[in-house]
Amino acid sequence: MSESTISLVDAKSLLPLFGTRDQHLRTIRDALPVAISARDNQIRIQGDDAAVAQATEVFEQLQAIVQRSGSLDADDVARVLGTVKDGQPGSEPTTIEVFTAGRKIRPRTAGQSQYVNAIREHDVVFCAGPAGTGKTYLAVAMAVAALKQERIRKIVLVRPAVEAGESLGFLPGDLQAKINPYLRPLLDSLREMVDFEQMKRYTEQDVIEVIPLAYMRGRTLNEAFIILDEAQNTTVSQMKMFLTRMGRGSRIVVSGDTTQVDLPAHMQSGLIDAMRRLRGIDGLTHITLTNADIVRHPLVQQIVRAYEEGPRKRR
């Protein structure tokens, strides 16, 4: 059992550090097995040596953020906790600039920071990870930022229209109406980052395209940011077709969850094949996100873990 004491710059910084109704304090206590109290402009931390050291580092980084920006939100706390628990040096991630005024988008875990940096530094990025890790959302944000900075001229968001245990033929409507539900997650992400009128204008001008994978055949895309989502549901030949659409000045991000392949049992996933086949090529990299990078409701981590542990226990 050890103890650490952190001196506050001033008493006013305690409120943003602990959060409204101590929400940040509860988050830290839930993540690290330590006892935390505050008195006389000091934070006192008690617990095992390793946990106290981590909690001390967390509070020092959070206090630096409060001094710099005057406030602290739940994303800041989650990100700092993630980097400290992973043993990585803490650093303030660069905010991803999108078109929606006042919208702050930035990686919230160490894995997400690695993913965003990979997109910045490589022309082709493969990302595999479970639901809720921000694979699609961060890729779309990086595409929107590149468009805003005029580093590209076009965004193309692509999904394979693969049936997840359901039959498209029995859905009402024409082909476009049947395909739209598959493209909805991409549109939802875009609408958080681009104002409605601007989104409408970009769509009409083909600056932003959201299309099924089958519509990519025969095209060459120059100066474009191309995202293939749900890539675990591509076949090997579809993945080859998609990757070879890349033209000069373009970037590609391919993301998917290799534990949720909806292809027939005899078909190999194009994402799994490509991540194995294309290793070692300059300008191309692979990122794997884990349960620790899940940033949806806290229950999602537990749900994903339960589904992963179930098959292992049965075996």
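This is a predicted model: local features need pLDDT of at least 70, side-chain atom pairs count only at pLDDT 80 or more; totals for chains, interfaces and linings use all residues.
1. Start with helices α2 (residues 23-31) and α4 (residues 74-85). Their axes come within 10 Å and cross at roughly 25 degrees. Angles under 35 degrees count as roughly parallel, and α2 and α4 are therefore roughly parallel to each other. The crossing of α2 and α4 is right-handed.

2. Now the residues at that crossing. From α2 come His24, Thr27, Ile28 and Ala31; from α4 come Ala74, Val77, Leu81 and Lys85. In this contact of α2 with α4, five residues are nonpolar, two are polar and one is charged.

3. Next, the sheet. Six strands form an open sheet in the order β6-β5-β7-β8-β4-β9, and the pairing is parallel. The edges are β6 (208-212) and β9 (284-288). Each has a single partner strand, so one side of each lacks a neighbour in the sheet. From one strand to the next, the twist averages 15 degrees.

4. Strand β5 (residues 154-159) runs parallel to β6, and five bridges join the two. Within this pair, leucine 157 stands opposite valine 210 in β6.

5. Which strands does helix α6 touch? Helix α6 (residues 135-148) packs on the sheet and touches β4 (124-128), β5, β7 (224-228) and β8 (251-256). The direction of α6 makes about 170 degrees with that of β7.

6. Helix α9 (residues 236-243) also packs on the sheet. It touches β4, β5, β7 and β8. The direction of α9 makes about 155 degrees with that of β8.

Terms used
Residues are numbered from 1 along each chain as its sequence is written. Side-chain values use heavy atoms; hydrogens and water are left out. Axes are lines fitted to C-alpha atoms, for helices over the stretch in contact, and angles run from 0 to 180 degrees between N-to-C directions. Helices (H or I, at least four residues) and strands (E, at least two) are DSSP runs, numbered from the N terminus. Angles under 35 degrees count as roughly parallel, over 145 as roughly antiparallel, 65 to 115 as roughly perpendicular and the rest as oblique. A crossing is left-handed if the near helix is turned anticlockwise from the far one by less than a right angle, and right-handed if clockwise. Contact means heavy atoms within 4.5 Å. Ala, Val, Leu, Ile, Met, Phe, Trp, Tyr, Cys and Pro count as nonpolar, Asp, Glu, Lys and Arg as charged, and the others, Gly among them, as polar. Two strands pair if DSSP finds at least two bridges between them.
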